[in-house]
Amino acid sequence: CFPVMGGSGGDGDESLSRYVYLLMQLTDIFYLDVDVCQLGEDQKTINDLAAKFYKWKTSPLPSRTKPLILSYPTLLDLNGEGKMSKSKPKLAVYMHDTKEEVKKKINEARCPAKKVEKNPVMQYYKYIFFWIVRSPWCSKT
């Protein structure tokens, strides 16, 4: 489990906080009481571990059906340098941002001409805009 938490497990940094972090992530999946749980692709190992818990016949988990766990790509920050993070609010777009904030952030985002890789604006188009346009919920008018 340590690779999920940013380490190999054999690096001597097996502090209590790393175990607590793992347990908090698993607890979120088990006790949110949701039918669908959305997590980033970078949390795939946690997702797999959670699925194994649901397979145990003597599982200590509440008797409920296993949630559908959806993984989504981790988006680049708006500089295209790292992943989006709550610790860098000016380089991330939030669901609660106003229309004006989103427009300002996207207009200021790094978007190199004729470059698709490591281009945060192109990622937004690929994973958000194009998905919405192709979705059955999008009006075709």
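Q: Buried means under 20% relative accessible area, exposed over 50%, and partly exposed in between; why is Lys-88 called partly exposed?
A: In this predicted model, Lys-88 has a relative accessible area of 31%. That value lies between the limits of 20% and 50%, so Lys-88 is classed as partly exposed.

Q: What makes the pair Lys-88 and Asp-77 a salt bridge?
A: The closest N and O atoms of Lys-88 and Asp-77 are 3.0 Å apart.

Q: Is Asp-77 buried or exposed, and how do you know?
A: Asp-77 has a relative accessible area of 2%. The limit for burial is under 20%, so Asp-77 counts as buried.

Q: How many salt bridges are there by this rule?
A: The count comes to three. One of them joins Lys-105 to Asp-97 at 2.8 Å, N to O, and another joins Lys-104 to Glu-108 at 3.0 Å, N to O. As a general principle, side chains of opposite charge can pair when their charged atoms come close.

Q: What is the relation between Lys-104 and Glu-108 along helix H3?
A: Lys-104 and Glu-108 both lie in helix H3, four residues apart, which is about one turn of the helix.

Q: How do you know whether Asp-97 is buried or exposed?
A: Asp-97, in the loop between strand S2 (68-72) and H3, has a relative accessibility of 12%. Since the limit for burial is under 20%, Asp-97 counts as buried. Its salt-bridge partner Lys-105 is also buried.

Q: What makes the approach of Asp-97 to the backbone nitrogen of Tyr-94 a polar contact?
A: A polar atom of the Asp-97 side chain lies 3.0 Å from the backbone nitrogen of Tyr-94, and the limit for a polar contact is 3.5 Å. The Asp-97 side chain also makes a polar contact of 2.8 Å with the side chain of Lys-105. Leaving out residues up to four places away in sequence, Asp-97 touches Ala-92, Val-102 and Lys-105.

Q: Why does Gln-43 count as buried?
A: Gln-43 is located in the loop between S1 and H2. Its relative accessibility is 13%, and burial requires under 20%, so Gln-43 is buried. Its side chain is joined to that of Gln-25 by a polar contact of 2.3 Å.

Q: What makes the set that includes Leu-22 and Phe-53 a nonpolar core?
A: A nonpolar core consists of buried residues of the listed nonpolar kinds, joined through side-chain atoms within 4.5 Å. The largest such core has 10 residues, among them Leu-22, Ile-29, Leu-39, Ile-46 and Phe-53. The elements that give it two or more residues are helix H1 (16-31), strand S1 (36-40) and helix H2 (44-55). A second, separate core of eight residues includes Leu-78, Met-84, Val-93 and Val-121. In soluble globular proteins, nonpolar side chains tend to be buried together.

Q: Why is Tyr-127 called partly exposed?
A: Tyr-127, in helix H4, has a relative accessibility of 34%. This value falls between 20% and 50%, so Tyr-127 counts as partly exposed. Leaving aside neighbours within four places in sequence, Tyr-127 is in contact with Pro-73 and Leu-75. The C-alpha atoms of Tyr-127 and Tyr-72, residues 55 apart along the chain, are separated by 8.9 Å.

Q: How do you know that Lys-114 and Lys-118 are exposed?
A: The limit is over 50%; Lys-114 has 90% relative accessibility and Lys-118 has a relative accessible area of 51%, so both count as exposed. Lys-114 is in the loop between helix H3 (99-108) and helix H4 (120-134), and Lys-118 is also in the loop between H3 and H4. Neither is a glycine, yet phi is positive in each: about 60° for Lys-114 and near 55° for Lys-118.

Definitions and conventions: Residues numbered from 1 in each chain as written. Predicted model: local features only at pLDDT ≥ 70, side-chain atom pairs only at ≥ 80, totals over all residues. Heavy atoms only, no water. Buried < 20%, exposed > 50% of the residue type's maximum accessible area, 1.4 Å probe, protein only. Polar contact = N/O pair within 3.5 Å; in protein donor to acceptor, adjacent residues only side chain to side chain. Contact = heavy atoms within 4.5 Å. Salt bridge = Lys/Arg side-chain N within 4 Å of Asp/Glu carboxyl O.
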